[in-house]
Amino acid sequence: MGLTIAQKIIKNHLVEGDMTPGSEIALKIDQTLTQDATGTMAYLEFEAIGIDRVKTERSVAYIDHNTLQCGFENADDHIYIQSVAKKHGIYFSRPGNGICHQVHLERFGIPGKTLIGSDSHTPTGGGIGMLAMGAGGLDVAVAMGGGAYYITMPKMYKVNLTGKLNPFVTAKDVSLEILRILSVKGGVGAIIEWGGEGIKTLSVPERATITNMGTELGATTSIFPSDEITKAFLEAEGRGADFVPLESDPDAVYDRIIDIDLSTLEPLIACPHSPDNVVKVSEVEDTKVDQVCIGSCTNSSLSDMLKVAALLKGRTIDPSVSLSISPGSKQVLSMLASSGALGDILASGARLLECACGPCIGMGFSPNSAGVSLRTFNRNFLGRSGTKDGNVYLVSPETAVAAAVFGKITDPRKLGEAPVITIPEKYAIDDSAVIEPASADEAKNLEVKRGPNIKPFPDSHPVTDEISAKLVLKVGDNITTDHIMPAGAKILPYRSNIPFLSQFCFTVCDEKFPENAKAAGQSFIIGGSNYGQGSSREHAALVPLYLGVRAVIAKSFARIHAANLINAGIMPLTFENPEDYDKLDQNDELCMEGIFEGMDSGKITLCNKTKNICVKLACSFTDRQKAILKAGGLLGYTKGE
């Protein structure tokens, strides 16, 4: 039986386990990346492990999230990350150099290599044939130290593309179509491979848009073959020597196959407040638009920006619309400027933002009250934009331009002839904003600089055989990490300050949660299906740890968040019977006994002392995960404490 692309990479990097779907495997990691919203904590964890130099082939620290410097906090954290990178063998991408996923695709990604990043959209690297996965910062820290990365062996899905996209239909629309088909939890436990004759019509940036959005499916990652199109992209980046051909075997077996005819697709749009709330643009036309944002790690490549410039040339945006443009990297911005395309963008009335994540994570450019914002981003969760009642729609750059020009949601095909753009054979290479680490000898005399905003890692709580605690919060389905630990300009600067962050935990769902959790001392949380979807931010586990949460019981979990809970020493447990969710209410007093035996058997009894009833819980912890929980988390386990 043949192998899929992902199975081939996994086989070449397998350290422990066997490739049976559902079993735990350990992978050797070639590359890591961090960004500054998660990186400060990841490097604090790396320092705590006590290893002098990273052991990966390449580790890169990017500054792209917390670039809005309203106080000393972000600047201090950037200095900390730069100094720790210099000392420990990590490349440092300076603020303004670009968004981690765009820059990594351009300058560092290599087909056939493994990459984990402390950002959930790390699967962008699958656009050039990497096995690229989002992970918690502690998992990244362990990988930087030479440790393996543990995941559950995924199932394999195949999406066969046929035909060719029509004018004004884009890779973003392909992403929205697969979200319409599978939903935000339809890819859980699977790697999605893209193939078929239709992929030959897609450039690497288009492929990267699709693998980037695969994160919203809940998939472990997404991946394209590495072919002549990949080779041409790497050669244009001056990295032709990094090319490795990769394709699946003809007799590879997939757990599910989905067929999409590109020629049948129309411009699509994800309506508030979920990436899978997808309809045709024509179905919501004429909706008044207040704001348009073009950029993010999903749609900020040179090809995207050149199309935007061509469509805006000679046009002026509607006076009632505010339009922002965020190029994905310094390379993209420089080439826009030198070609004259940037002038066409600015002449339209657009506002140029920094080469950074910006509005995507609520870091500035929030919409007006109850405003309608069309964004070329990957997430439209309620409140993520920084405006609690903002109505965010996800669209392609072409649909975004149409909305900016006409002042309302408009089918982009009404813009006239589709622009024909030419991508240069060679990209403008300038790595001056990437600072190389010091040599091992030089590093011995270097000091790591820490600002006053950096606080200690929260105390661990090893799992005990019995836990009695109050149910302090009960939430529904599809709770995101933005619900648990919000982003935005107000909160992100404190990602290295867990005590300060704790006052915002779950306040989107219950304003009194931090207060109630502190008063309880230790507590439980109950959730619905797909609990913890969205970002890889481990703060959504570390802050509940600080507040005394001992276990989260849900109908089902998102992959990365479940791993982050275990890494923090918090048990993720599921209902054996999902209907038992209705038997538990906020403020009930709960008790679990015989936890160690239950962890071994896979069944734990939870008794509701308030209602005098008991329910059965399920767990499937590996021996390693049990040891992590008993050690109070991955950090204590790794250090052998």
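Asn-564 lies in helix H18; helices (H or I, at least four residues) and strands (E, at least two) are DSSP runs, numbered from the N terminus. At 4% relative accessibility, Asn-564 counts as buried, where buried means under 20% relative accessible area, exposed over 50%, and partly exposed in between (1.4 Å probe, protein chains only).

Before I continue, a word on the source: this is a predicted model, in which local features need pLDDT of at least 70 and side-chain atom pairs count only at pLDDT 80 or more, while totals for chains, interfaces and linings use all residues. Residues are numbered from 1 along each chain as its sequence is written, and side-chain values use heavy atoms, with hydrogens and water left out.

Which residues does Asn-564 contact, leaving aside its neighbours within four places in sequence? They are Gly-136, Ser-536, Arg-537, Glu-538 and Ala-541, contact meaning heavy atoms within 4.5 Å. Pro-167, by comparison, is 397 residues from Asn-564 in sequence and 42 Å from it in space, C-alpha to C-alpha.

The axes of helix H17 (residues 539–546) and helix H18 (residues 559–568) come within 8 Å and cross at roughly 40 degrees. Axes here are lines fitted to C-alpha atoms, for helices over the stretch in contact, and angles run from 0 to 180 degrees between N-to-C directions. From H17, Ala-540, Ala-541, Leu-542 and Leu-545 meet His-561, Asn-564, Leu-565 and Ala-568 of H18. By class, this contact of H17 with H18 has six nonpolar, two polar and no charged residues. Ala, Val, Leu, Ile, Met, Phe, Trp, Tyr, Cys and Pro count as nonpolar, Asp, Glu, Lys and Arg as charged, and the others, Gly among them, as polar.

I turn to the nonpolar cores. A core is a set of buried Ala, Val, Leu, Ile, Met, Phe, Trp, Tyr and Cys residues joined through side-chain atoms within 4.5 Å. The largest has 101 residues, and Phe-506, Phe-513, Tyr-531, Met-571, Leu-573, Met-592 and Leu-617 touch the most other members. Helix H5 (residues 137–144) gives the most to this core, with six residues. Apart from it lies another core, of 58 residues, among them Cys-100, Leu-105, Val-372 and Tyr-427.

Next, helix H9. Nine of the eleven residues of H9 (residues 302–312) are buried, so this helix is largely enclosed by the rest of the structure. What covers its buried residues includes helix H7 (204–213), strand E15 (291–294) and helix H12 (397–406). After H9 comes Gly-314, with a positive phi near 80 degrees.

Finally, the sheet. Three strands form an open sheet in the order E1-E2-E8, with antiparallel pairing; two strands pair if DSSP finds at least two bridges between them. Strand E1 (14–16) and strand E8 (149–152) stand at the edges, each with a single partner strand, so one side of each is left without a neighbour in the sheet. Four bridges join strand E2 (residues 24–27) to E8, and Ala-26 stands opposite Tyr-150 in E8. Helix H1 (residues 5–13) packs on the sheet, touching E1 and E2, and its direction makes about 55 degrees with that of E1.
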